[in-house]
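Please look through the sequence and the model shown here before reading the report that follows.

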Amino acid sequence: MTDNTVTDDTVTDNTVTTAQDVRAFTRGARADRGSRHRHRRRTPEDLYIVGAFIVLAVVEAVGLVSAPGHSAAVLGGRATAEWFLAASDPIGAVAALLLALFATLFTLTQRIGPVVMTRAQVHWWLPLPVDRRGVVLPGYLASLLVPVVVLSVGTAVVFTGTGGFSAGVADGIVKLILTMSSVASLAALTHSAAAWIQVRHAPQHRKTQQSQQTQQSQQTLQSQQTQWRRWRAFRFDGVERFIPVVVILLVLGATLLNATVFNATVIGATGLPVPLLEWFIWLPTGWPLLVAGGAVWPVAVLVAAALLAVGLAYRGLPSLTRFSLSRSTEAGSLASEALLSMELKGLTIGRGEDAAASQRGPGSESIGRKRTRSSRAPATGPTRRFIFTQFRVWRRRRGQAAGFVSSAVLPVVILAVPYLNLGAVLVAILVVCTLRAVTIAGSVARTMSELPALGRLFPLGEGPQRRLLSALPAAVLVPWCVLCFTLVIVVGAAPAAWIWFAVPVGLGLAGAAVRSGYRPDTNWETPLISTPMGAVSSGWVMNALHGRTATIVVLYPALVALVGGTMTPLLVLLQWAVAATAWWWCTRVAASGSLSISWARWMTPG
Amino acid sequence: MNLFRTPSTTSLPRTPVVDSDVPLLDVPLLDVKGLDVGYGDHRVVAEVSLCLAAGDSLAVIGTNGSGKSTLLRSIAGLLPALGGTMHLNGAGVDERSATFRASVATVFDDDAYFPGLSVGEHLMLVATAHSVTSPATAVAAELDFFGLTEAEGSLPSNLSSGQRRRMLLAAAFIRPSDLLVLDEPEQRLDTVMRSRLRDRIRTLVDGGNAVVFATHDPAFVTQCGDAALLIGNSARSDSARRLTPAAGAAEMEAL
């Protein structure tokens, strides 16, 4: 077949296909096929993510408006929180900064890049001999636009809802534009910096080979490769562990310092924790987001820096390798699934090299030998081994510890944020963090549920296995509850007697962890629930609620005590009863583990 | 032909099985020296050295997990090598280069497709992007060869796994290339299609293309390969052995 060699007579040299042609061909062919495939361009998850950010912005705005106690002491004649609050608009730096952090971190963790393509684009577009920038561009722009648009829209909602136009429409429009420019620039700057890092640290095939051509030593080459691998590990560590841990430690440290040294509790205190707000004075005072009527030049600087960063990232797009983009795509999908399912193990899997390395190893040399039972094995061998294996598997899942501990600390961190130190917010955050901790603690149960063959490796019945699976969650969730409850008590948000609820809650949550791990497969044939942002499968909703309802039930007595402020022995007794019942209910083997369509239909309105 | 180069670094001496009477070309098509491949810090295959000219074909054989696909992915520029050098037409292997992408066609076990594009449109995309003369005619010819004419308008999601494999192969064969890298091309194909594919690869090689392929089918080794490279289940520097196609097929039967 001579038509498969690159020769002039087989290639049309009058028509040069460009990346734009490739994109147009793909888009056009898809459009011609009809509208039945167009909906795939926008997944429901994308819409819900955008919606979640907007809701977050509105919630924070409400917190800003209704925040009590805006007085703060003046320390040594310096500008303090009182000055800050008097000089700033109530739209709030905190809301914008938190949004920026959330959106950027989310983009990074979801995309692990942040430049990403779909698997089809990687496998069909990248091998084509066209300008790589042209085919990478759509993914780059999409990932850039998500934080920019979400932040801008969120800021506009907050601005409008908190009286941003009260001083006049014209003045409000100008201020809105300046504020949105600031926020959008901040998002673009951060995203582009991440993209530039991705470009800069992609495996450099060309440089490597050229260095070899110039007789560079093998050691230098391997050093480069090792550096790349270390940097990639650091990047994952940064996203996965480093940034959240540092932020949490800083805020937690400041909060506890404030609560103990300055004797200023967060909830119920007359003043805000002043040391936490002092750093605001170092922000550019002309930033219209912070100070009403301030100078505009910081916005101009920010916009210019953002444009420069976007340009640098755009310029580096052709340097991205197919390997790098493939890994980003794989890791991105894993991370996205992990975030949506609250199971952070996907981020660890996204590292790739650990999994690849663990797949290969020396084979067993004892294959073919007759198996015998050890006379030294104790009678309780299977039970002990089953429990021991749980702990070993859980311990080897890197990244879980940080997520687990951070979920215990997060309620206190939220309490440290001005305007969010409300009882209702504390309850909501406690529920969310508990759900996350329960999901992490139940990850081994989840694995056992997904791989029933693992359970058959042990000579134990399904019922005993289910009960034994609660050993690990109990061992980690009881200390988790003690830590979380203690921190809440230390900052003054709950009376000391609330600690009596920690142990029963932890034991009850252990059962909930097992139940959440053993959630059945989603039944996609159930009716759809109509929502403003598209149809949602009722089977998916039922699946998502499986085990989480038990978590909330177990928490309920403790939350009632927290909100009511009364810690009676009867409530503690009730908590023990609820925990015991929940543990029994969640660790039993149900007759049928699948969601019935009739249940889903019953849930569906109309 | 001299497909293999004697490793320059320390390794156990082995008697070359392939004759080395034919001198090397001035600039070989594919020149690999002391290549180490693997994942992360884990070496899978170590110190592979080989040299392919136009019209050469090499069968990479070995047990499951021995590193055949990893080696091929590195040669295709899809996986960064842990060490060593690779050159295609005298230039370093860099899949970001449009020239490299125009020269190397690959088929790996990548089951990803545009959900809205039909089989014919996937092939047309590749043909037009590679500036193939009369792309519509070429698409029709490949569809006919791979038995996909009736599935031309079908979406990949509606095809069987074997048909999707045929589509991937058609996409590699429809475009011009200097080097064709195939990872177990016989996967999921029926007996008749395997036979036709062997003939197609042999014809391609005889026409001047270089082909590197991994396979578990001895018939592919003997019919399509000019030489075989046996990859061992070890990252030792002597884990890759050079064999004749017949010896390679015999080793496969023994494995």
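The report below takes up the sheet of chain B, then its helices, and then chain A.

This is a predicted model, in which local features need pLDDT of at least 70 and side-chain atom pairs count only at pLDDT 80 or more, while totals for chains, interfaces and linings use all residues. Residues are numbered from 1 along each chain as its sequence is written, and chains are lettered from A and ligands numbered from 1 in the order in which they are written.

Chain B holds an open sheet of four strands in the order β2-β1-β4-β5, with antiparallel pairing, where two strands pair if DSSP finds at least two bridges between them. Helices (H or I, at least four residues) and strands (E, at least two) are DSSP runs, numbered from the N terminus. The edge strands β2(B) and β5(B) each pair on one side only. Two bridges join β4(B) to β5(B), which run antiparallel, and Leu88(B) has Ala91(B) in β5(B) as its bridge partner.

| Element of chain B | Residues |
|---|---|
| Strand β2 | 42-52 |
| Strand β4 | 83-88 |
| Strand β5 | 91-92 |
| Helix α3 | 119-129 |

Helix α3(B) is mostly covered, as 11 of its 11 residues are buried (20 or more other C-beta atoms, placed from the backbone, lie within 10 Å of a buried residue's own). Among them are Val119(B), His122(B) and Ala129(B). Just after α3(B), Ser131(B) takes a positive phi of about 55 degrees.

The secondary structure of chain A comes to 26 helices and two strands, and buried residues make up 38% of its 606 residues.

Notes:
Buried ≥ 20, exposed ≤ 12 C-beta atoms within 10 Å, placed from the backbone.
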